[in-house]
Amino acid sequence: MHASWRWVRIGFWACTAISVAVVLRRTVALIQPPQSAPPQLAALDATFASHMALTLMHILPALAFVALAPLVYIRRFAGAAWPKRLLFPLGAVVGVTAYAMSSYSVGGWVERSAVLVFNSLFLFSLFRAWSLRRVPTRHLRWLTRAIAILLGIATTRPVMGLFFATSRVTHLSPQQFFGIAFWIGFSINTLIVELWLRSPGGESQVERMAMGSSL
């Protein structure tokens, strides 16, 4: 197994696990807000609770998208069309609601600009994957781009955690660092997957997966 593919796999599963945990935590917090959360976290929970319906319309389809994404790469489901078919409408809902969610962005215009750039890139990649669905290798390349971009929300979490942990030193509030964390997290995923897809190892791996190899 090529070393770069091993690291991509590790990153993929780590981002998937973090994404699922983030959605579950947010859903529980919306239904039953924690009573003893730190002040900054409690303020974030209140922000999302103020537009609960929109938040759920965004995060629940995102959870389904993340849960289905691994099936695209698993040999057992290589001949099954339904996982990919479901990803496209789910991704469309996630993308459209992300634009709507940006109206309530914690990080202001810095966060909104990240959403505009990366959400647009996500939807474009998803559309390209759909339009190339009869060209297996190119279809998988674009779908992989879309999946990696969406999983960028998981990469923002450790970045946010670092900002939270150092807030006593930096004196930055969530309103000041959320947008920066979005740019860093989504940029990391987008750049890494693009570099990997363009590498010789990435190209050959995508071709093998398009022919039914497993994750």
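I looked up F118 first: F118 is buried, at a relative accessible area of 7% (buried is under 20%, exposed over 50%, partly exposed in between, with a 1.4 Å probe and protein chains only). The model is predicted; local features need pLDDT of at least 70, side-chain atom pairs count only at pLDDT 80 or more, and totals for chains, interfaces and linings use all residues. Residues are numbered from 1 along each chain as its sequence is written, and side-chain values use heavy atoms, without hydrogens and water.

Next I checked the aromatic pairs and found 11 in the structure (ring centres of Phe, Tyr or Trp, the last by its six-membered ring, within 6.5 Å; planes under 30 degrees apart are stacked, over 60 edge-to-face, the rest tilted). The rings of F118 and W183 are edge-to-face, because their planes stand at 70° with centres 5.4 Å apart. F118 is in helix α5 and W183 in helix α9, so this pair ties together parts 65 residues apart in sequence (helices are DSSP runs of H or I, at least four residues, and strands runs of E, at least two, numbered from the N terminus). I noted W183 as partly exposed, at 30% relative accessibility.

I then looked at F118 with F186: this pair is stacked, 5.6 Å centre to centre with 20° between the planes. Both F118 and F186 are buried. F118, F182, W183 and F186 form one aromatic cluster.

Last, I looked for charges over rings (NZ of Lys or CZ of Arg within 6 Å of the ring centre and within 35 degrees of the ring normal). The charged end of R133 sits over the ring of W130, 4.1 Å from its centre. R145 lies over the face of W142, 4.4 Å from the ring centre.
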